[in-house]
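Student: I am new to this structure and would like to go through some of its residues with you. Could we begin with the terms that are needed?

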Amino acid sequence: EAEDPMQEALESTPGPSATPARARKHTAEPRPPIRVRRPGLAFDEARTRRWLHGSAATLIAHALSPLFPAGERFFIKAVMSFKDEITDPALRAEMRKFAAQEAVHTREHQLYDAAAETHYELSSIENLVQEDLRRLWVGLRSVDRPWFRGRRIALAFTVGLEHFTAILGHQVLSRQDWLDGVDPEFATLWSWHAAEEIEHKAVAFDVYEAVGGNYFERSLVMLWATLSIVFGMFRVIWHLLGKDGQRFSATAWREILSFLFVSPGAFTRALPAYLTYFRPGFHPWDHDDRHLLERWRRAYPDVAHEGADAGD
């Protein structure tokens with residue numbers, strides 16, 4: 001497409017005063033401000049392959065990371081395509097902050113993927129995902145019917161995956177012991193990304209509600225989004241294990257499945273929060289995890305307060 005949504009997102013980022021903390025429904029306290037940080041991370045290629053304590057569970061991170069650049073470009077398009085239909089100036093400012101945060105996430109994960117490239121050729125996965133989501137966006141954007149508004153379906157897809165990333169971000173920040181002893185750059189990347197997913201977790205949802213989204217549509221699309229991300233992740237893990245000659249390694253699969261379902265049990269522990277999405281009247285800030293953001297800021301003060309948005 002002609003426009004560059006990533007560049008536009010970064011260039012149009014409002015100043016820190018444009019998104020004041022304010023009370024909204026579903027939160028007794030003001031929501032945390034959305035800050036655009038640029039951590040500027042660098043990753044050691046030699047240590048990237050099995051940075052998570054030498055475990056095959058590292059492949060979960062390797063499988064998710066190349067999904068993010070194209071996914072976040074899609075999210076930016078889906079949210080910002082409704083910017084002219086949103087009249088609330090505070091929500092419009094949050095939309096721009098959301099887009100800018102996602103743009104920086106893309107850039108940092110591309111650096112991560114480049115560091116892993118000598119081991120796993122993640123760029124080829126990035127390219128495949130980019131093409132798949134480009135086609136999806138073009139197809140959905142071209143349909144505008146009273147019963148099927150394609151751009152709103154794309155936004156519902158974004159809302160579902162934003163809930164998915166927010167509840168996984170909650171797991172990352174609530175069980176940071178699994179990052180103890182790993183390279184600080186890797187711990188910083190995943191903690192920072194998790195924190196920002198929590199900060200902006202309601203933006204796409206609020207836009208979706210404002211443009212006429214409904215419970216049935218978002219619930220149905222969430223099932224599609226869930227299958228897409230889980231299938232995509234395991235498909236990439238299968239591919240990466242093949243590169244290591246470990247597709248049928250009981251040890252490798254035990255480490256991966258244990259991480260997801262036993263200890264720390266990222267998926268198992270996230271399941272109750274995931275299911276609340278299917279409750280009528282659900283809102284992302286029904287899960288008030290501002291305390292995790294405060295704990296993260298204390299643990300990573302240099303990144304948490306870095307950049308133009310440091311002062312609130």
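Tutor: A residue is called buried under 20% relative accessible area, exposed over 50%, and partly exposed in between. Please keep in mind that the model is predicted.

Student: Is Y215 buried, exposed or partly exposed?

Tutor: Y215 belongs to helix α10, which covers residues 215-243. Its relative accessible area is 37%. Buried requires a value under 20% and exposed a value over 50%, so Y215 is partly exposed.

Student: Which residues form a nonpolar patch on the surface?

Tutor: The patch has about 430 Å² of accessible area, counted over its members together. Y215, one of these members, lies in helix α10. The residues of the patch are Y215, F216, L220 and L223.

Student: Is E199 buried or exposed?

Tutor: E199 is part of helix α8, residues 184-199. Its relative accessibility is 3%. Because buried means under 20%, E199 counts as buried.

Student: With which side chain does the side chain of E199 make a polar contact of 2.8 Å?

Tutor: Beyond its neighbours within four places in sequence, E199 is in contact with several residues, including P33, R35, R37 and W285. A polar atom of the E199 side chain lies 3.4 Å from the backbone nitrogen of R35. The polar contact of 2.8 Å between side chains joins E199 to R37.

Notes:
Residues are numbered from 1 along each chain as its sequence is written. This is a predicted model: local features need pLDDT of at least 70, side-chain atom pairs count only at pLDDT 80 or more; totals for chains, interfaces and linings use all residues. Side-chain values use heavy atoms; hydrogens and water are left out. Patches are made of residues with over 30% relative accessible area and no salt bridge: like charges are joined within 9 Å, nonpolar side chains (Val, Leu, Ile, Met, Phe, Trp, Tyr) within 5 Å. Accessible areas come from the Shrake-Rupley method with a 1.4 Å probe; for residues, only the protein chains shown count as cover. A salt bridge is a side-chain nitrogen of Lys or Arg within 4 Å of a carboxyl oxygen of Asp or Glu. Helices (H or I, at least four residues) and strands (E, at least two) are DSSP runs, numbered from the N terminus. Buried means under 20% relative accessible area, exposed over 50%, partly exposed in between (1.4 Å probe, protein chains only). Contact means heavy atoms within 4.5 Å. A polar contact is a pair of N or O atoms within 3.5 Å; within protein, one must be able to donate a hydrogen and the other to accept it, and residues adjacent in sequence count only if both atoms are side-chain atoms.
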